[in-house]
Amino acid sequence: MEFAVVLVTYNPNLDRLRQSIVNMRMVHNITYIIIVDNGSQNIDSIRVCCNVFAINLIHNKNNEGIGSALNRGFHIVPSRYKWILSLDQDSIVPKNIGSEYSKYTHMQNLAIISPKIVDKRRFNRNETLESFPYQYINQCIQSGSLYRRSVWEKIGGFNAWLFIDYVDFDYCFRIMKRHWKILRVNNVELNQEFGELTDSQYKNVFNVLWQTTRISFFKKLTYVPNIKPWRMYYRTRNRIYCFKYLNKFQVSLELLRLPLFYLKVLFRSHEKLKVLHQLLRGTRDGFREWGGTH
């Protein structure tokens, strides 16, 4: 089974991007790769990289968002490819991704095949591989996931209006509603970096507390995520927008979790006033659009 890859970039770290491409080239059944760039400032360097590795490149003049870029890439992939692998610029695929995914493409009612995600810089609760080869799940992130093209066509592709954040979860909600399935292959680990991290000024103290108590909260405090205020707008708005897929009990739980989400973000952010402003904007617009038809 041959796979195509659609990789979306926006001002990528070029060393990380080259490593991603090198790893893809080592997967024998990845036979078509296209990069869709969302208006990167380092586009000339990306072009050079694509020329060196003989990779197709589509350049959007402006940042059109992850959903729009994925849809454009999926449309361009030659029709003979029935399964398309989606990747972020920070994703490093394992060598076994092609051979392992191929074992499951024949399964009925399967819309997505996904990997186990590991950000090696962060604390991961489940660092060891599961004892069983695969399991059905309700949600997965888009990076590292293999999409059945016919399902993508039937449900109208990714929701471009969301722009970024929850684009993948929105897609999962929609396919689950139509009784398609998502499968996670437990012995495929995707090396994925979620955002920018810096060491906490109290890293050594929290490391000692983690080693002594084994309480994961202390381990997480050894690093500080770079929380971008503008990103919090989309994360909050789109989270609330996706409430429309939930039942009343699930919505009640999510409404209770929202204040905790706000507190967690504000506690760890450096630009607290700007972040608070975007959280409030996202909340307002999220409730306005909740149940909308975007």
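Predicted model: local features only at pLDDT ≥ 70, side-chain atom pairs only at ≥ 80, totals over all residues.

I then looked up arginine 80. Arginine 80 pairs with glutamate 2, with the closest N and O atoms 3.9 Å apart. Arginine 80 sits in the loop between helix H3 (66-76) and E4, and glutamate 2 in the segment before E1, so this bridge ties together parts that are 78 residues apart in sequence. I checked accessibility at both ends. Arginine 80 is exposed at 53% relative accessible area, and glutamate 2 is partly exposed at 39%.

Next I took a pair within one helix. Aspartate 44 and arginine 47 form a salt bridge at 3.6 Å, N to O. They are three residues apart in helix H2 (residues 43-53), so about one helical turn separates them. I noted aspartate 44 as exposed, with a relative accessible area of 56%. Arginine 47 is partly exposed, at 36%.

I also looked at lysine 103 and glutamate 100. Their side chains meet in a salt bridge of 3.1 Å, N to O. Lysine 103 is partly exposed, with 45% relative accessible area. Glutamate 100 is buried, with 10%.

I noted a network too: salt bridges that share partners join Asp165, Arg231 and Arg235.

Entry 1: I went back to aspartate 165 for its backbone. Its phi is near 70 degrees, a positive value in a residue other than glycine. I placed aspartate 165 in the loop between helix H5 (149-154) and helix H6 (167-177). Aspartate 165 is buried, with a relative accessible area of 12%.

Asparagine 11 also has a positive phi, near 50 degrees, and is not glycine either. I found asparagine 11 in the loop between strand E1 (3-9) and helix H1 (14-25). At 32% relative accessibility, asparagine 11 counts as partly exposed.

**Entry 2: arginine 148.** I asked which side chain of opposite charge is nearest to arginine 148. It is glutamate 153, 11 Å away. Arginine 148 is buried yet has no salt bridge. I located arginine 148 in strand E8 (residues 145-148). I then looked for what its side chain does reach, and found the backbone oxygen of methionine 107 at 3.0 Å.

**Entry 3: glutamine 89.** I looked up where glutamine 89 lies, and found it in the loop between strand E4 (83-88) and strand E5 (91-92). Glutamine 89 is buried, with 14% relative accessible area.

**Entry 4: second largest pocket.** I noted a volume of about 180 Å³ for the second largest pocket. Strand E11 (223-225) and helix H10 (248-268) are the elements that give two or more residues to its lining. I listed the lining residues, among them Tyr202, Phe206, Leu221, Tyr223, Val224, Phe267 and Arg268. Ser200, Gln201, Ser269 and His270 also line this pocket. By class, I recorded six nonpolar, four polar and one charged residues in the lining.

Definitions and conventions. Residues numbered from 1 in each chain as written. Heavy atoms only, no water. 1 Å grid on protein atoms, 1.4 Å probe; cavity = no way out; pocket = protein on both sides within 12 Å on 5 of 7 lines; lining within 4 Å. Points joined across faces, edges and corners; volume = space filled by probe spheres on them. Helix = DSSP H or I, 4+ residues; strand = E, 2+ residues; numbered from the N terminus. Nonpolar A, V, L, I, M, F, W, Y, C, P; charged D, E, K, R; others polar. Buried < 20%, exposed > 50% of the residue type's maximum accessible area, 1.4 Å probe, protein only. Lys, Arg positive; Asp, Glu negative; His and termini not counted. Salt bridge = Lys/Arg side-chain N within 4 Å of Asp/Glu carboxyl O. Polar contact = N/O pair within 3.5 Å; in protein donor to acceptor, adjacent residues only side chain to side chain.
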